[in-house]
Amino acid sequence: MEQENATAVSGAVLTVFSTASGCGKTMLSINLAAAIAKLGFSVCLLETDTQFGDIAYALGIDPKENLHTAQAAWERDPGGFFIEDYVARVEKKGTVFFTLTAPKDIEDAYQIQPAHVKHVVKALRRKFDYIVVDTQAAFDQMNLMCIDQSTLVLFLGIVDFLPTVKNMRIGMDTLTRIGCDRERIRCILNRSGARTRLPLSDVEGILGTSFQTHLPNDFKSVTKSFETNTPIVLSGNSSLSLEIQKLAKVFTGEDFGAQPKQEPKKEKKGFFARLFGK
Amino acid sequence: MDFRVLLVENNSIILDQSVNAINKAPGFTLAAKYKDSAGALGQGKVFRPNLILLDIDLEENIQVIPKFVREYPHATILCLCTQWDAELTARVMRAGAAGCLVKPFSAPELVDAVKALESSGQNVTSEVITFFSPKGKSGQTTFVANMALRLAAKEQKNVAIIDANLQFGDMAIFFNLTPTTTIMEACRDVKNLSPVSLTSYFVPATAQVSVLCGTRRPEDAEKIIPKNFVELIGMVRSRFPYVLIDLSVGFSEFTVSAMEASDLTFLVASEDSVFENRHLKKALYVFEGWGDSLQDKLKLVYNRVQNTSNAYKQQLEESIGYPITAFLPNEYDLVSRAADEGRMASDIRPESKLSTAINQLLRDLHGKHQIRWEKS
């Protein structure tokens, strides 16, 4: 079996999580990985949305190895397993980071076992300063494992309509129930400023916490960056790019940004009263 | 209409209990009772029953259902069984019975069972439709809710919605419902339920649309056994002419077995995702396993489309390699307001572009797709 080396530095795991798909997890994961790499740290971007992950598409790569082959190698010979052989090198505009993506085929995705992937994550932690995890929007075994391994859970939300907010609240409650303390959760609002009828203060009241970071709505640039396979943080200083670079600095700095204590708002009116009681 | 009941029950205790229940049920009179079918077939006619309750714990009684159908062409045959069983129900229905009732039954259960048969027109044929999206955030729940409303209005029949988006089901919030029971309890209890008692797990959303709501907590999803869910689908089928199932994202034992138990699957995609066509291609590769009947069983619906022109549709079809059955327009404001306020039923007006598109879809499907319960 692999050796747990007590003196080895263990890399930080930043898991990007949400309770709805289409919130921008892949956008944030890729850009955060690129921004941290740009600061000079070694980074691996791990994809655990095994069936319909988009990282390879978004980066325009076709890696030979993937999470499935890495798992299989670990299963064959845990002692002889070298994670270096399974991550793909990505170089964009002079910035280099690594990625371990989901398999191309759904048949292979079916073979992936969270209990085994856990060892792959451990191997990544021994090799990289930071592991950014792009997940699927669900509380499945894979995500429970990732959350358990995480230094921080970046809970990404958007405020479009009420069902999404309900699911974010359920997500926060569930994270608490499964033992992920609030101290390990960072709430990030994506598409800030996008069209909605729901006041942000009401949404934060429901969540019982405020969003520490607001990522501006920049749908066009995001679409373009996916189409050109270039992370936003490496192509100019738009406000979205700057916000994510700021996040990268917070996560790599000494100060992990102590969370302000936010009391849940007592008054709940309008849309929310019928959801969460008066 | 008053029911003159002919009762055939082999078990003496249950026979007495049943007689009791029939006498207590308003509008029901016991015309005759028998311990075996031979007597009922021979002498029962003189009592001119219009409802036959037939004990099918005895295999021989199942065998003679066609005889009852011939002897009593104007009577409805309702079978009595100790435990509800989808396969058995399918079998007796193929033989000519209207459905099954679990015994021993109470007077209200009998009344409900008969009411259920009447509201479904006694011609119990049903269509189960699953809705699946590979990656999610496709507007699938909106599509399901609107389709249920339009279907109920058009066909004047009852429609069941099952919110099977196991972790983050939104149907209750769309219709502003407060469920006391959910899909989790229904699947847990299915072995001890009958189509009639199952109805209490549904919450009415409108006069004709009922919803089996999603789980309260994501953890509840783990407690749902796919096999039980398939059994549940069979049971709901016998009670509602249309059953619409809003599924979780991705391929899992649960979503795959639900799709296989359905007559038709809508694959719902949205233009919001940059890589949606790639997700679709990947998903379609898996669906190829359905073989020759694929295009009959799987219909692709593209949602939130900005450009609804035919030229663009053809371009997308070529790129995906699969025919697109419907293009649904982007009605973000209308849909999100309705969901925010829990007024899906009243806010999505029949004249909206989305409703028009769904009506068109129903017209297109009508007649072309008639896979029915008895044939399956």
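Modeller: One term before we start: helices (H or I, at least four residues) and strands (E, at least two) are DSSP runs, numbered from the N terminus. Also keep in mind that what you're looking at is a predicted model.

Colleague: Got it. In which loop of chain A is K93(A) found?

Modeller: K93(A) stands out by its backbone: phi is near 50 degrees, a positive value in a residue other than glycine. Most residues other than glycine have a negative phi. K93(A) is exposed, with a relative accessible area of 61%. You'll find K93(A) in the loop between β3 (88-92) and β4 (95-100).

Colleague: And R304(B), is that one buried or exposed?

Modeller: R304(B) has a positive phi too, near 55 degrees. R304(B) is found in a strand, β12 (residues 298-305) of chain B. Its relative accessible area is 17%, and the cut-off is under 20%, so R304(B) counts as buried.

Colleague: What about the peptide bond from K103(B) to P104(B): cis or trans?

Modeller: P104(B) is found in the loop between β5 (99-102) and α6 (107-119) of chain B. Most peptide bonds are trans. Here, though, omega is near -5 degrees, and the bond from K103(B) to P104(B) is cis.

Colleague: Let's zoom out. What share of chain A's residues count as buried?

Modeller: Chain A is built from 11 helices and eight strands. Among its contacts with a separation of 6 or more, 79% join residues 24 or more positions apart. Of the 278 residues in chain A, the share that counts as buried is 55%.

Colleague: Which elements do the buried residues of α6(A) pack against?

Modeller: Helix α6 of chain A covers residues 141-149, and its buried residues are M142(A), N143(A), M145(A), C146(A), I147(A) and Q149(A). Follow these in the structure and you reach both strands and helices of chain A: β1 (12-17), α3 (67-76), α5 (114-127), β5 (130-134), β6 (152-157) and α7 (162-177).

Colleague: Now the two chains together. How much area do chain A and chain B bury between them?

Modeller: The size of an interface is often given as the accessible area lost when the parts come together. This contact takes 42 residues from chain A and 39 from chain B. Carbon and sulfur atoms hold 54% of the buried area, and the total is about 3500 Å².

Colleague: Which element gives the most to the side of chain A that touches chain B?

Modeller: Across this interface there are 21 residue pairs in polar contact. On chain A's side, the elements that give two or more residues are α2 (55-59), α4 (106-111), α7, α9 (219-228) and α11 (273-276). The top contributor, with eight residues, is α7(A).

Colleague: How does that side of chain A split by class: how many nonpolar, polar and charged residues?

Modeller: Remember that chain A brings 42 residues to the contact. By class, the side that touches chain B has 19 nonpolar, 11 polar and 12 charged residues.

Colleague: How many salt bridges cross the interface of chain A and chain B?

Modeller: Side chains of opposite charge can pair when their charged atoms come close. One such pair is D333(B) with R195(A), at 2.7 Å from N to O. Over all chains the count is 25 salt bridges, and across the interface of chain A and chain B it is seven.

Colleague: Which residue forms a salt bridge with K137(B)?

Modeller: The closest N and O atoms of this pair, K137(B) and D160(A), are 2.9 Å apart. The pair crosses between chains, from the loop between β6 (127-132) and α7 (140-155) of chain B to the loop between β6 and α7 of chain A. K137(B) is partly exposed at 23% relative accessibility.

Colleague: Last one: which helix holds both R169(A) and D173(A)?

Modeller: R169(A) and D173(A) form a salt bridge, with the closest N and O atoms 3.0 Å apart. D173(A) is partly exposed, at 29% relative accessibility. An α-helix has 3.6 residues a turn, so residues three or four places apart point the same way. R169(A) and D173(A) are four residues apart, about one turn, in chain A's helix α7.

Technical notes:
Residues numbered from 1 in each chain as written. Chains lettered and ligands numbered in written order. Predicted model: local features only at pLDDT ≥ 70, side-chain atom pairs only at ≥ 80, totals over all residues. Heavy atoms only, no water. Buried < 20%, exposed > 50% of the residue type's maximum accessible area, 1.4 Å probe, protein only. Contact = heavy atoms within 4.5 Å. Buried area = accessible area lost by both parts, 1.4 Å probe. Salt bridge = Lys/Arg side-chain N within 4 Å of Asp/Glu carboxyl O. Polar contact = N/O pair within 3.5 Å; in protein donor to acceptor, adjacent residues only side chain to side chain. Nonpolar A, V, L, I, M, F, W, Y, C, P; charged D, E, K, R; others polar.
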